[in-house]
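Below are some notes for a colleague who is about to work with these coordinates. They are set out as numbered points, so that each can be checked against the structure in turn.

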Amino acid sequence: MDGQRVRQWEAQCIQEQLPACSAACPVHVDARKMARSIAKGDFGTALKTFQHSITLPRIISHICDHPCQQACRRNEAGDPVNIGALERAAVAFGGNVASLRRFGTRPHSVAIVGGGISGVAATLDLAVKGYTVELFESAPNLLPRLRSASEGVLPSSAIDADLASLAHLGAVLHSRASVTHNDGETSLCALLQRFSAVYLAIGAEGELTRFLEAPLTIDPVTYTTNVPRLFAGGSMRYGSARYSPITSFQDGRYAALSIDRFLQGASLTASRELQGSQESHLYTDITPFEPLPQVAAADAGIGYTREEAQKEADRCFPCSCMECVKVCEYLKEYRSYPKRYVREIYNNLCIVMGVRNGNRMINSCSLCGLCQQVCPEKMSMAEVCLDARQTMVATKKMPVSAHEFALRDMAFSTGDAFATARHQPGFQESAWLFFPGCQLSASSPEHVQSCYQLLCEIRKGGVGLMLNCCGAPALWAGRKELFEEHCASLKQIWRQMGQPKVIVACSSCFRTLKENSSEVPIDSLWPHLNSKEAIKLRPQFAGRPYAIHDPCSTRGVSEVEDSVRGLLQRMGVQGKELNPRGQTTCCGYGGLARFANPELTDKTVRRRAKQSEADYITYCAMCRDSFARQGKRAVHLLDMVFEGQGKDPAARPDPGFSRRQENRARLKSHLLEELWGEKSEVSMPELIFQISEAVRQVMERRMILESDVRKTIEAAERSGQKFKLPNGHFLATHCPASVTYWVEYTPGANGACEIYNAYSHRMQVR
Amino acid sequence: MTTQEENTNEAPLVCCKCDKTLVKEQVTATYLGNEFPIELWKCPGCGVVYVPESLATGKMLRVEQALEDK
């Protein structure tokens with residue numbers, strides 16, 4: 001996994017972007033966090049949060065011009081959150097305002113000219129950092145403009161309490177100290193000689209001409225000027241049109257940061273992109289929130305009571321994206337969001353010695369891509385997880401058991417037991433090639449035959465049949481080489497068949513083949529079944545209420561989704577939509593997630609199953625069988641086309657792993673015999689089993705096939721190597737490759753064995 | 001890895017091939033290059049070791065998974 005790509009993915013996830021309020025605030029007060037604390041009645045934490053960005057908490061909470069409130073997204077659902085009043089409540093009820101502390105001592109001294117908010121803010125920050133700071137103000141008191149405000153707006157006690165920090169930090173104050181250009185001890189020239197740096201913050205009305213011969217230019221990011229070692233900011237920078245206390249405060253803080261960096265010889269421009277008021281990039285869906293008016297304080301003069309503040313703070317949503325997490329059980333499971341997941345996954349891959357705790361998480365994603373669909377920035381966790389799996393395989397760090405069973409199943413489907421390719425009987429060439437896929441053949445082999453015969457009737461020029469696997473399991477397992485080899489072998493067969501147009505029945509095959517075999521023309525089965533030629537062949541199917549579950553692998557592919565709806569309409573079936581078109585969810589089979597994390601995929605299916613009481617219509621065999629496993633009634637669209645409702649196909653159980661393989665093998669031999677007149681060479685096994693449903697379920701959960709059980713008993717009966725249990729049963733063991741199987745059984749009459757239990761392990765014991 | 005207590009109480013199994021009762025013995029479990037001594041029932045004749053279900057689906061499975069994540 002490429003580190004550069006990791007950073008791109010991280011940057012794509014916007015969940016950690018500042019919410020609108022903090023982004024708009026020039027010093028990025030975390031108003032969202034503050035509101036969360038207040039809503040819980042925790043005013044102490046709220047005050048700490050406020051003080052994290054504000055060194056003059058009493059003053060700013062009273063007179064801030066709160067650009068945050070104009071930006072607040074509550075504006076779109078009622079009134080904006082009254083953040084200013086919440087700040088005052090945090091100060092009023094948050095307990096002691098923590099006093100500022102000086103950290104160490106720096107050798108340099110700095111002069112601040114102008115005792116307004118900007119100058120005072122710069123003085124405080126530089127004094128905290130350990131500089132010797134002297135503050136020059138021409139008026140008798142600091143903050144002369146604020147002192148002119150009425151007591152109701154800003155009590156003088158608040159000013160005095162905040163300013164006490166200055167003396168506490170050891171800043172030297174010079175009041176009634178007019179600074180001029182080059183006249184006397186307190187001239188700017190003299191200050192620039194005496195001090196290492198000077199910050200000029202004399203207000204919009206300050207007479208610059210008193211100081212300078214040439215016009216002063218101020219850099220809006222670093223607050224440096226065209227005079228060396230002279231920094232400037234506050235309303236003299238942003239103008240007199242609108243006085244903004246918070247902007248003046250910002251200037252003081254950021255100028256102090258520049259002065260500190262300048263005196264330490266650090267870069268003045270590095271990492272300042274997030275400085276100052278800006279637009280938020282955090283997407284927040286506000287549609288679920290009912291409009292609510294602002295809470296009014298019973299006594300406007302005093303401000304909010306605790307209860308009123310809590311109520312008002314509770315109107316904060318709070319802003320958050322989480323669009324992908326809301327729709328995905330997998331992303332929800334690990335209690336975070338993609339930006340964090342990407343880092344966790346990358347770190348997991350980078351572990352050289354130690355336990356890779358993230359392996360299971362990487363293998364639990366169904367790779368369905370719904371996250372990307374709903375993400376405002378189109379970030380895909382599927383891409384991340386697939387890339388991670390490929391890296392794990394390449395570095396030999398993929399747990400061996402993770403996908404072994406699924407890959408064995410794929411090997412079965414690509415092997416002689418199932419794989420074949422034929423021209424239509426009586427044809428020497430194929431204009432078309434039907435590719436039903438391994439899962440439809442495993443779940444509903446009879447529909448494969450019906451479909452094939454229908455296609456032979458409605459499509460001219462010969463319809464060939466190709467039984468095989470599309471390679472999706474190898475792709476999903478991160479086995480890039482195996483997948484590419486398989487794609488190449490499929491293409492080879494396709495060329496040998498005369499490069500026909502391919503018609504696929506399975507959505508996963510459709511996507512896998514389309515994305516990886518661009519030269520092969522791929523059609524979905526559904527437009528063909530919805531065509532004029534096919535209509536006369538389909539029966540009416542009506543009755544119960546239905547809801548449509550689209551498979552995730554053809555999500556948003558309109559030729560597929562529209563044909564399916566067209567077909568349903570022609571059959572008189574009303575199918576309710578389960579989600580906005582193009583946002584269907586995965587059934588849990590995708591990405592082989594079920595093999596890595598069956599509990600999670602069960603949750604995923606149950607969540608989907610609960611969305612509607614109606615029977616589901618789907619057109620992917622795996623989706624149908626996943627629902628069946630959870631007891632959710634679901635039909636495959638082909639059940640409707642070919643069966644009619646008499647047989648109640650929605651109640652059909654999942655065939656299970658063993659039966660799936662058997663169905664594929666039987667389908668092949670049946671079709672070869674019936675359509676091509678080739679006598680099957682598949683020998684049916686001699687050993688007959690009795691397996692109760694309970695034992696069958698245990699085997700299914702432990703991913704033990706009947707063929708594994710058969711081989712184990714056959715090996716034991718052949719060699720005589722078996723144990724006799726105290727209950728009279730036999731226990732056979734067999735290790736054909738990496739897995740050791742144990743089977744408890746009794747040989748029955750006529751060779752029919754009764755199976756009582758089966759289990760397996762991978763450790764070798766000697 | 002140690003043998004689960006419950007297994008020690010099980011009545012001994014008989015190896016049909018050797019017609020011998022299994023005896024408890026120190027054996028070695030191996031996975032991905034890691035070795036663990038463990039006491040299990042073993043046929044004194046052919047040497048085949050019995051791995052009980054509770055061990056295979058319990059502790060052994062957990063150790064296998066932990067080793068695969070290493």
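This is a predicted model: local features need pLDDT of at least 70, side-chain atom pairs count only at pLDDT 80 or more; totals for chains, interfaces and linings use all residues.

1. A:V765 stands opposite B:A29, a residue of β3(B). The strands concerned are β20(A) and β3(B), the latter covering residues 23-31, and they are joined by two bridges and run antiparallel.

2. The contact between the chains as a whole draws on 24 residues of chain A and 27 residues of chain B. On the side of chain A that touches chain B, β16 (723-724), β19 (752-761) and β20 (764-765) each supply at least two residues, and β19(A) gives the most, with four residues. By class, that side of chain A divides into ten nonpolar, nine polar and five charged residues.

3. Strands from both chains also take part in one open sheet of seven strands, whose order is β15(A)-β19(A)-β18(A)-β17(A)-β16(A)-β1(B)-β2(B) and whose pairing is mixed. Its edge strands are β15 (688-691) of chain A and β2 (20-21) of chain B, each of which pairs on one side only. At the chain B end of the order, β1(B), residues 14-15, is linked to β2(B) by two bridges in the antiparallel sense, and B:C15 stands opposite B:K20 of β2(B).

4. On the chain A part of this sheet, helix α36 (residues 706-719) lies across β15, β17 (730-734), β18 (740-746) and β19 of chain A, and the helix runs at about 105° to β17(A).

5. Chain B itself has three helices and five strands, and from the N terminus on its elements follow the order α-β-β-β-β-β-α-α. Of the 70 residues in chain B, 21% are buried. If one takes the contacts in chain B between residues at least 6 apart in sequence, 52% of them join residues at least 24 apart.

6. Chain A is divided into five stretches, namely domain 1 (109-263), domain 2 (323-394), domain 3 (404-532), domain 4 (539-653) and domain 5 (688-761). The centres of domain 1 and domain 5 of chain A, taken over C-alpha atoms, are separated by 86 Å.

7. A second sheet, this one made of strands of chain A, is open and has five strands in the order β6-β8-β7-β9-β10, again with mixed pairing. Its edge strands are β6 (420-422) and β10 (522-524) of chain A, each pairing on one side only, and from one strand to the next the twist averages 25°. Within this sheet, β7 (residues 432-435) and β8 (residues 463-467) of chain A pair in the parallel sense over three bridges, and A:F434 has A:L465 in β8(A) as its bridge partner.

8. How do two helices of chain A, α23 and α34, cross, and what is the handedness of the crossing? The axes of α23(A), residues 445-458, and α34(A), residues 656-676, come within 9 Å and cross at roughly 35°, and the crossing is right-handed. The residues that make the contact are A:P445, A:V448 and A:Q449 on α23(A), and A:N663, A:R666, A:L667 and A:L671 on α34(A). By class, this contact has four nonpolar, two polar and one charged residues.

Conventions: Residues are numbered from 1 along each chain as its sequence is written. Chains are lettered from A and ligands numbered from 1 in the order in which they are written. Domain bounds come from an automatic or database domain assignment. Two residues are in contact if their C-beta atoms, placed from the backbone, lie within 7 Å. Ala, Val, Leu, Ile, Met, Phe, Trp, Tyr, Cys and Pro count as nonpolar, Asp, Glu, Lys and Arg as charged, and the others, Gly among them, as polar. Two strands pair if DSSP finds at least two bridges between them. Axes are lines fitted to C-alpha atoms, for helices over the stretch in contact, and angles run from 0 to 180 degrees between N-to-C directions. A residue is buried if 20 or more other C-beta atoms lie within 10 Å of its own, exposed if 12 or fewer, and partly exposed in between; C-beta atoms are placed from the backbone. A crossing is left-handed if the near helix is turned anticlockwise from the far one by less than a right angle, and right-handed if clockwise.
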